[in-house]
Structures are given as structure tokens and as C-alpha cells.
Amino acid sequence: MVTTAQDVRTIALSLPDGSEKLAWGRPTFRVGGKIFAALGDDDTTIGVKCPKEDRAELIAAEPEKFFVREGHDDNYAWIRVRLAAVAAVADAGELRSILTDSWLQAAPKRLAAAHPELVCGD
């Protein structure tokens, strides 16, 4: 199954208080006014929040799926995810897990605490 920009939109907007707003001419998805996901220029990638200390391990484990845009993502807790390439996001379940993890990092603490079911990635 190939995941698409519409899959990203559907899942991101299904998360509590998820909203969509254009920024830099591209759709971004927010919670509490903070971006937790953004579609890439050609709708085949997304950017999501990711602790800087976790990025190298993710990229080393699955370089076909995860990457950083050199010179742009270096100073941010952000990683890029390929949606539709070989060994990219496998299905809607994996995409939901990635987006939920990013949502949890951006959501206000009270909102995240009100949704403990999301901590498990369900």
C-alpha cells in the first residue's frame, strides 16, 4: 500500500484538536498552535517532530524512509519521512503511529494527558 498526502491529512486531522494551516505555501498540521507535521514540496514526504538525539538512529536503521534536509533541519527537532518510495511508510497504521508520536511532542501537556490512549500509539 502506498501512503499519500490525503492519508496524512486524514490522520492528522483525526487527532485531538488537529488543524490544518498553510505555511510557506504548504499544508501544515497543528495542535495548540504548534506544527506537528508538514507536507513536503511534492506531497511524497512529510516532516514531523523528532528529538534530535533519536534522528541518527532512525536514519541509520531505515535510510530509505527517514532523512533530514541538510542545512534546513540541522538545528530543529525534526525529521523527514518518505511516504511512497521503496521501504517507505508501509501502511496507514505506521503513518498513524508516526503522526501520533509527533502530535504528542507538540500537544499541550494537558491535552496529551487527556488522551492516554495515544501514548501507546493506538
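Colleague: Why is the contact between Glu-62 and Lys-65 called a salt bridge?

Modeller: A salt bridge needs a side-chain nitrogen of Lys or Arg within 4 Å of a carboxyl oxygen of Asp or Glu. Glu-62 and Lys-65 have an N to O distance of 2.9 Å, so the pair qualifies. Mind you, this is a predicted model, where local features need pLDDT of at least 70, side-chain atom pairs count only at pLDDT 80 or more, and totals for chains, interfaces and linings use all residues. Residues are numbered from 1 along each chain as its sequence is written, and side-chain values use heavy atoms, leaving out hydrogens and water.

Colleague: What makes Lys-65 buried or exposed?

Modeller: Buried means under 20% relative accessible area, exposed over 50%, and partly exposed in between (1.4 Å probe, protein chains only). Lys-65 has 4%, so it counts as buried. Glu-62, at 30%, is therefore partly exposed.

Colleague: How do you know that Lys-65 and Glu-94 form a salt bridge?

Modeller: Their N to O distance is 2.4 Å, so that pair passes too. It links distant parts of the chain, 29 residues apart: Lys-65 sits in the loop between helix 2 (52-61) and strand 5 (66-67), Glu-94 in helix 3 (residues 92-106). Helices (H or I, at least four residues) and strands (E, at least two) are DSSP runs, numbered from the N terminus. Glu-62, Lys-65 and Glu-94 are linked in a network of salt bridges.

Colleague: Why is Asp-73 called buried?

Modeller: Its relative accessibility is 1%, so Asp-73 falls under the buried cut-off. Arg-80 has 11% and is therefore buried as well. Asp-73 and Arg-80 meet in a salt bridge at 2.9 Å, N to O.
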